[in-house]
Amino acid sequence: MATGRTHRPATRSRGIPEATVARLPLYLRALTALSERSVPTVSSEELAAAAGVNSAKLRKDFSYLGSYGTRGVGYDVEYLVYQISRELGLTQDWPVVIVGIGNLGAALANYGGFASRGFRVAALIDADPALTGRAVAGIPVQHTDDLEKIIQDNGVSIGVIATPAGAAQQVCERLVAAGVTSILNFAPTVLSVPDGVDVRKVDLSIELQILAFHEQRKAGEEAASAPGDGVPAAVARKQSADKGPDGDVPAVMPA
């Protein structure tokens with residue numbers, strides 16, 4: 001079986017835009033769900049809705065793959081699963097190392113979805129000597145002292161960083177020096193990498209902050225639409241509480 005070291009996805013050489021590449025996994029997830037239900041074909045509208053995009057964008061994305069579907073029939077689900085999997089490089093084996101086996105790293109190691117999507121966790125690495133030799137998800141944790149040898153022995157080109165922020169850049173530099181060319185970064189920091197190295201950042205706190213922004217905006221809209229001539233409901237309640245039977249209560253009562 002081929003490894004990630006010698007085979008790279010062909011998306012860039014074929015001129016597929018990065019935005020389209022970012023949506024391909026969404027299509028693949030929706031198509032895989034259809035395949036598991038033995039659905040033979042799907043329309044662009046149905047697939048776009050399942051993937052959370054509009055159908056015009058979907059058809060444009062698929063045109064880069066050379067897949068246009070059949071009018072009145074739609075897209076062949078199994079063929080599209082294969083076509084997108086091949087384009088993403090998921091028809092081959094990609095050995096991955098996870099560096100940082102704390103709570104998050106251990107959770108990633110235990111995630112069962114890697115193998116079914118073309119990824120094999122080749123090694124777990126941590127700087128804590130107390131973890132060395134301990135099995136997580138059936139894989140023994142190895143010490144960071146052996147990082148370079150582990151990368152070379154397993155032909156790894158994809159590394160996952162789940163370390164604290166302070167250690168992430170040094171780990172990144174060691175991974176790159178050992179031959180890793182793609183990094184998935186869970187550490188809450190921005191990594192500096194040389195040209196030719198791809199980094200994808202996953203920051204859960206940033207995603208939560210974005211959700212908090214939307215929640216605050218929704219709360220503001222609800223308050224603005226509450227009765228009371230545009231006065232937010234909380235303010236209206238306070239003003240009502242400040243009124244006595246004869247009108248407004250003075251801010252400072254006379255002695």
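These legends accompany close-up views of a predicted model.

**View 1. Whole chain.**
The protein chain holds 10 helices and 11 strands. Its length is 255 residues, and 36% of them are buried. Take the contacts between residues at least 6 apart in sequence: 57% of these join residues at least 24 apart.

**View 2. The open sheet of 7 strands.**
The strand order is S5-S6-S4-S3-S7-S8-S9, and the pairing is mixed. Strand S5 (135–136) and strand S9 (198–201) form the edges. Each has a single partner strand, so one side of each lacks a neighbour in the sheet. In general, strands of a sheet pair through backbone hydrogen bonds, in either the parallel or the antiparallel sense.

**View 3. S4 beside S6.**
Strand S4 (residues 119–126) and strand S6 (residues 139–143) run parallel and share 3 bridges. Aspartate 126 lies opposite histidine 143 of S6. Isoleucine 125 has glutamine 142 of S6 as its bridge partner.

**View 4. The S5–S6 hairpin.**
S5 and S6 are antiparallel and are joined by 2 bridges. Valine 136 faces isoleucine 139 of S6. The hairpin leaves 2 residues between its strands. Alanine 137 sits in the turn, with a positive phi of about 55 degrees.

**View 5. Helix H8 on the sheet.**
Helix H8 (residues 165–178) packs on the sheet. The strands touched are S3 (94–99), S7 (158–161) and S8 (182–185). The directions of H8 and S7 make an angle of about 170 degrees. H8 has 14 residues and spans 21 Å from first C-alpha to last, close to the expected 20 Å. Glycine 179 follows H8 and has a positive phi, near 120 degrees.

Which residues of H8 are buried? They are Ala168, Val171, Cys172, Leu175, Val176 and Ala178. An α-helix has 3.6 residues a turn, so residues three or four places apart point the same way. The cover over the buried residues of H8 includes S3, helix H7 (147–154), S7 and S8. Gly166, Gln170 and Ala177 are exposed on the other side of H8.

**View 6. The largest nonpolar core.**
This core has 22 residues. Tyr27, Leu31, Val42, Leu47, Leu58, Phe62 and Ile84 touch the most other members. The elements giving two or more residues are helix H1 (18–36), helix H2 (44–51), helix H3 (55–65) and helix H4 (77–88). H1 supplies the largest share, 7 residues. Which residues does tyrosine 27 touch, not counting residues up to four places away in sequence? Its contacts are Leu47, Ala51, Val53, Lys57, Leu58, Asp61, Phe62 and Ile84.

Notes:
Residues are numbered from 1 along each chain as its sequence is written. This is a predicted model: local features need pLDDT of at least 70, side-chain atom pairs count only at pLDDT 80 or more; totals for chains, interfaces and linings use all residues. Side-chain values use heavy atoms; hydrogens and water are left out. Two strands pair if DSSP finds at least two bridges between them. Helices (H or I, at least four residues) and strands (E, at least two) are DSSP runs, numbered from the N terminus. Contact means heavy atoms within 4.5 Å. Axes are lines fitted to C-alpha atoms, for helices over the stretch in contact, and angles run from 0 to 180 degrees between N-to-C directions. The expected span of a helix is 1.5 Å times one less than its number of residues. Buried means under 20% relative accessible area, exposed over 50%, partly exposed in between (1.4 Å probe, protein chains only). A nonpolar core is a set of buried Ala, Val, Leu, Ile, Met, Phe, Trp, Tyr and Cys residues joined through side-chain atoms within 4.5 Å.
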